[in-house]
Amino acid sequence: MRNIFTLLLLTLLLTACLSSLQVTPKQDKVSEGFSEAMRWSDFQGAAAYVNLRVRGAFMEQFQEDDDLHIVDSSITSIDLGEDKERVDTAYVMEYYHLPSSQIKKWRWKQQWRLIKKKDSDSGTWLIDNEPPPLPWKQ
């Protein structure tokens, strides 16, 4: 009985240790998270996927706008760089902006970069370039 209890305790400790290890998420899953946040107009959530250096420009474009209605949001291509720390994606947002009811497309060629933590192999994928201007804000 004592051996079973010891084995159970070791299993729980090992599981806890392994689950605390940070592993770099796959970039395709991260870009899907960005796309989903945009689809539901969660611009604060989407901003979490944008590098701090360009986050202000992103938030300036996507302030609360009751006239913007996003119909679809998707990543249409993903190209992994040779160093495996850069990825180029093509993002497309289908929307209409009142008073127009015509659905239009806005495209953003995103440059994602793996931001590594010091002394670690783990990191976070972040969009490293500013979005192009939105048509109704030009």
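**Figure 1. Salt bridge between Asp-128 and Arg-113 in the predicted model.** The side chains of Asp-128 and Arg-113 form a salt bridge with an N to O distance of 3.3 Å. Asp-128 is in the segment after S4 and Arg-113 is in strand S3, so this contact ties together parts 15 residues apart in sequence. Arg-113 is partly exposed, at a relative accessible area of 31%. Asp-128 has 11% relative accessibility and counts as buried, because the limit for that class is under 20%.

**Figure 2. Salt bridge between Asp-128 and Arg-53.** Here the side chain of Asp-128 meets that of Arg-53, at 2.9 Å from N to O. The pair links distant parts of the chain: Arg-53 belongs to helix H4 (residues 52-61), while Asp-128 lies in the segment after strand S4 (123-127), 75 residues apart. Arg-53 counts as exposed, with 56% relative accessibility.

**Figure 3. Network of Arg-53, Arg-113 and Asp-128.** Salt bridges with shared partners join these three residues into one network. Asp-128 takes part in the bridge to Arg-53 and in the bridge to Arg-113.

**Figure 4. Salt bridge between Glu-85 and Lys-116.** The side chains of Glu-85 and Lys-116 meet at 3.1 Å, N to O. Glu-85 sits in the loop between strand S1 (68-80) and strand S2 (86-97), and Lys-116 in strand S3 (residues 104-116), so the pair ties together parts 31 residues apart in sequence. Glu-85 is partly exposed, with a relative accessible area of 30%; Lys-116 is also partly exposed, at 41% relative accessibility. The structure holds three salt bridges, including this one.

Note on methods
Residues numbered from 1 in each chain as written. Predicted model: local features only at pLDDT ≥ 70, side-chain atom pairs only at ≥ 80, totals over all residues. Heavy atoms only, no water. Salt bridge = Lys/Arg side-chain N within 4 Å of Asp/Glu carboxyl O. Helix = DSSP H or I, 4+ residues; strand = E, 2+ residues; numbered from the N terminus. Buried < 20%, exposed > 50% of the residue type's maximum accessible area, 1.4 Å probe, protein only.
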